[in-house]
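Q: Please take a close look at one part of this structure. Give the cut-off for each term where it comes up.

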Amino acid sequence: KSILNAFVQAKLIYEDKPYHNAVFVGKDENDVARHAHKRSTNSVGKAFRINVEGSNPAYSFHWKGSSERLYVFEAPIDLLSYISMYQENWKDHSYVSLCGVSEQAMLKQLELQKKILEVYLCLDNDEAGQAATKRLTERLHSLGDWKIEQLCPQYKDWNDDLKELCNEQKGKMTLAI
């Protein structure tokens, strides 16, 4: 809840009306909204996901920290799930969602945040995510001298890892009662 509240207070997440979609906002260096990604909040059926027309993909959903680390994700929900699992000093680090597998948002953050020395590619554990990780690693090597690490979720993505962790904790609580 505290993580979500931090993003809401920064005006990076809100709920739209009348459909109650979660909207993930990407702002430019002047704090002007330049990108919006909508995701349905329903829990039945396939989730609705779309980048709002006119969005600039270079300014996708992100958090700017003060450390030398940038964590890169395919989707906003995976970014939030990862932070939920690894909360210690999370606000110190920078995070970016590609809203897909395009390099634009990652490269924009590296351009704007010269202090970044370490890039953690946290893409999905599927064929598309792993192919994108390889491509992004090669691209980063061609452009600079960043330390590049791959962090791979155990399941398909970081949200699935978080859901499994919650199920495990729920099971342990049931056993304790």
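The sheet

A: Five strands make up an open sheet with mixed pairing, in the order β5-β7-β6-β8-β9; strands are DSSP runs of E with at least two residues, helices runs of H or I with at least four, both numbered from the N terminus. The model is predicted, so local features need pLDDT of at least 70 and side-chain atom pairs pLDDT 80 or more, while totals for chains, interfaces and linings use all residues. Residues are numbered from 1 along each chain as its sequence is written, and side-chain values use heavy atoms, leaving out hydrogens and water.

The edges are β5 and β9 (147–150), each of which pairs on one side only; pairing takes at least two DSSP bridges between the strands. Within the sheet, β6 (69–73) and β7 (94–97) are joined by four bridges in the parallel sense. Tyrosine 71 stands opposite tyrosine 95 of β7.

Helix α2 (76–85) lies across β6 and β7, and runs at about 150° to β7 (axes are fitted to C-alpha atoms, for helices over the stretch in contact, with angles from 0 to 180 degrees between N-to-C directions).

Helix α3 spans residues 104–112, and its buried residues are Ala105, Met106, Leu107, Lys108, Gln109 and Leu110 (under 20% relative accessible area with a 1.4 Å probe, protein chains only). These buried residues pack against four strands of the sheet, β5 (62–63), β6, β7 and β8 (118–121), and also against helix α4 (127–143), where contact means heavy atoms within 4.5 Å.

Terms used:
Buried < 20%, exposed > 50% of the residue type's maximum accessible area, 1.4 Å probe, protein only.
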